[in-house]
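Thanks for asking me to look this over. Here are my notes, in the order I would read them with the model open.

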Amino acid sequence: MSTNLIDTYVSEVGRRLPGKTRTDIEAEIRSILQDMVDERSQKTGKPVDEEMTLQVLKEYGAPEKVAATYTGERYLIGPRLYPVFALVLRIVLLVIGTLAAIGLGIAVYQMFGHPQNAFETILKAIANFGTSVMTALGNIVLIFAIMEWALFRAGVKVDVKGLPQIKEWDPRVLTKVSTPNQVKMGETIVETVGCFAAIVIFNFYPQIIGFTPSLNSVFENGTWSSVSFIPLLSQAFFHYVPFLSLVWSMTIILNIVLLRMGYWTILTRVSTICLKVFGILIAFAMLAVPSLVAVNTPALVSALGDAEGARILMTLLTQGVRVALRITIIGGCIDLIRAVYRMVTAVK
Amino acid sequence: MTNESFDNLILELRRGVIVLAVLSQLEKEQYGYSLINGLREHNLEIDQGTLYPLLRRLESQGLLQSNWRIESDRPRRYYMLSNEGRKLLPRLKEEWAGIVSLMKKLL
């Protein structure tokens, strides 16, 4: 039956359409096709039959093509987001490359005592680097694909150059007169890179954070093998890394949005403030944890060979981490007050 | 220049006038198919793949209004200029007249 053919065709087109408008478009296409078939039947004087319907459907076009005329082009990462994506990618690869180089350097340094493991160590370092790059690339593409999808759904209009027209071009921007609502590119990029570096270090290269207590034993024993590398931070600390990573990731996303828009809005200001508050709360929680430091005195003693020195160093470390946290909290609060102040003055 | 590139140039040229052509025909109510035939009679060939998405777009922009009507047992979607569309059409026509005289001088 030709109506069945038309219905099947219509649902084939509808399959490829977004849910909201699907039923409406399907009804429209069905009505059009029926009109076309009827007209052809009138013109040729023949009754409507399957052959005629097939002919009309063929002329109307393949379902994918028809659906595409209603949805427009779909991109994984479209022309408006691509420049930012490329920028982020470059920054990220730079950071990962640097960290991998550092990691490789440390690996090489540590292997002096075990030359037989040299090949393995280097191979591991390269494999590590490869994995980090893949993971980072995958995550970045995923984040941008999600943003592209969200913008598509929101129906943001794209102008000729592929950039959303949000603000008007003002030549005064060239004189670098900073209006209160303008996003400071430099600051934002630095913060983004910092957050990304933090995420990479604390999640993929935690072993970097530590130290070699002293090289004394080297000189005494004459070999490199007694150089020990002590990781600084304890399990308790790493318990908080997921939360910190979340704050850092959201800061990165927010900064990307800010870089794209070029100016602050109430929404972005409020989001920044919330993120800062969240970060401060995490820092407070971490202060309450008894031991963020993984080192303990006996280990230090054996490494240093000096009990008194070990005790002093231990105290320095434990207190040092807490002081660092307190400084972070204070800095965070100052930042927070600044952000609130800017928001209040900008609103006026 | 290949045939295809020439055809593309012609397409680009025509693309500019399609919206005005379509709007000019919708001062009274029409359904999609009658619109195509009407334009065809004036020697303006337009592909359904172009027209129907265009009508939807113009409606979402507020220039057209549409409603479904059941005629001879079948629902049909009728389009017509909205109030805003009616206000806009004379201005578009004026703009077009300006372009035509400009091109006449250039060519």
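1. **Ground rules.** This is a predicted model, in which local features need pLDDT of at least 70, side-chain atom pairs count only at pLDDT 80 or more, and totals for chains, interfaces and linings use all residues. Residues are numbered from 1 along each chain as its sequence is written, while chains are lettered from A and ligands numbered from 1 in the order in which they are written.

2. **Chain A.** You will find 13 helices and two strands here; helices (H or I, at least four residues) and strands (E, at least two) are DSSP runs, numbered from the N terminus. Of the 348 residues in chain A, 19% are buried, where buried requires 20 or more other C-beta atoms within 10 Å of a residue's own, exposed is 12 or fewer, partly exposed is in between, and C-beta atoms are placed from the backbone. Take the contacts in chain A between residues at least 6 apart in sequence: 72% of them join residues at least 24 apart. A contact needs C-beta atoms, placed from the backbone, within 7 Å.

3. **Chain B.** Four helices and three strands make up the secondary structure of chain B, in the order α-β-α-α-β-β-α from the N terminus. Buried residues are 17% of its 107 residues. Among the chain B contacts with a separation of 6 or more, 40% come from residues 24 or more positions apart.

4. **Where the chains meet.** Ten residues of chain B are in contact with 13 residues of chain A. On the chain B side, the elements giving two or more residues are α2, α3 and β3 (74-81). That side divides into four nonpolar, three polar and three charged residues; Ala, Val, Leu, Ile, Met, Phe, Trp, Tyr, Cys and Pro count as nonpolar, Asp, Glu, Lys and Arg as charged, and the others, Gly among them, as polar.

5. **The largest core.** A nonpolar core is a set of buried Ala, Val, Leu, Ile, Met, Phe, Trp, Tyr and Cys residues joined through C-beta atoms within 7 Å. The largest has 30 residues, of which V13(A), I29(A), I32(A), L33(A), M36(A), V56(A) and L64(B) touch the most other members. At least two residues each come from α1 (2-15), α2 (19-44), α3 (50-60) and α4 (63-71) of chain A and from α2, α3 and β3 of chain B. The biggest giver is α2(A), with six residues. Apart from neighbours within four places in sequence, I32(A) is in contact with G32(B), Y33(B), Q48(B) and Y52(B).

6. **Helices α2(A) and α3(A).** How do these two cross? Their axes come within 10 Å at roughly 125 degrees, and they are therefore oblique to each other. Axes are lines fitted to C-alpha atoms, for helices over the stretch in contact, with angles from 0 to 180 degrees between N-to-C directions. Angles under 35 degrees count as roughly parallel, over 145 as roughly antiparallel, 65 to 115 as roughly perpendicular and the rest as oblique. Residues L33(A), M36(A), V37(A), R40(A) and S41(A) of α2(A) make the contact with M52(A), T53(A), V56(A) and Y60(A) of α3(A). These divide into six nonpolar, two polar and one charged.

7. **Helices α10(A) and α11(A).** Here α10 (residues 241-261) and α11 (residues 266-288) of chain A have axes that come within 10 Å and cross at roughly 160 degrees, so the pair is roughly antiparallel. Their contact includes F243(A) and L258(A) of α10(A) and T268(A) and I282(A) of α11(A). Its residues comprise ten nonpolar, five polar and no charged.

8. **Two residues worth a look in chain B.** Y31(B) lies in strand β1 (residues 30-31) and counts as buried, with 20 C-beta neighbours inside 10 Å. Leaving out residues up to four places away in sequence, Y31(B) touches R76(B), R77(B) and Y78(B). By contrast, N43(B) is exposed, with 6 other C-beta atoms within 10 Å. N43(B) sits in the loop between α2 (32-41) and α3 (48-60) of chain B, and has a positive phi of about 70 degrees although it is not a glycine. Most residues other than glycine have a negative phi.

Key:
Contact = placed C-beta atoms within 7 Å.
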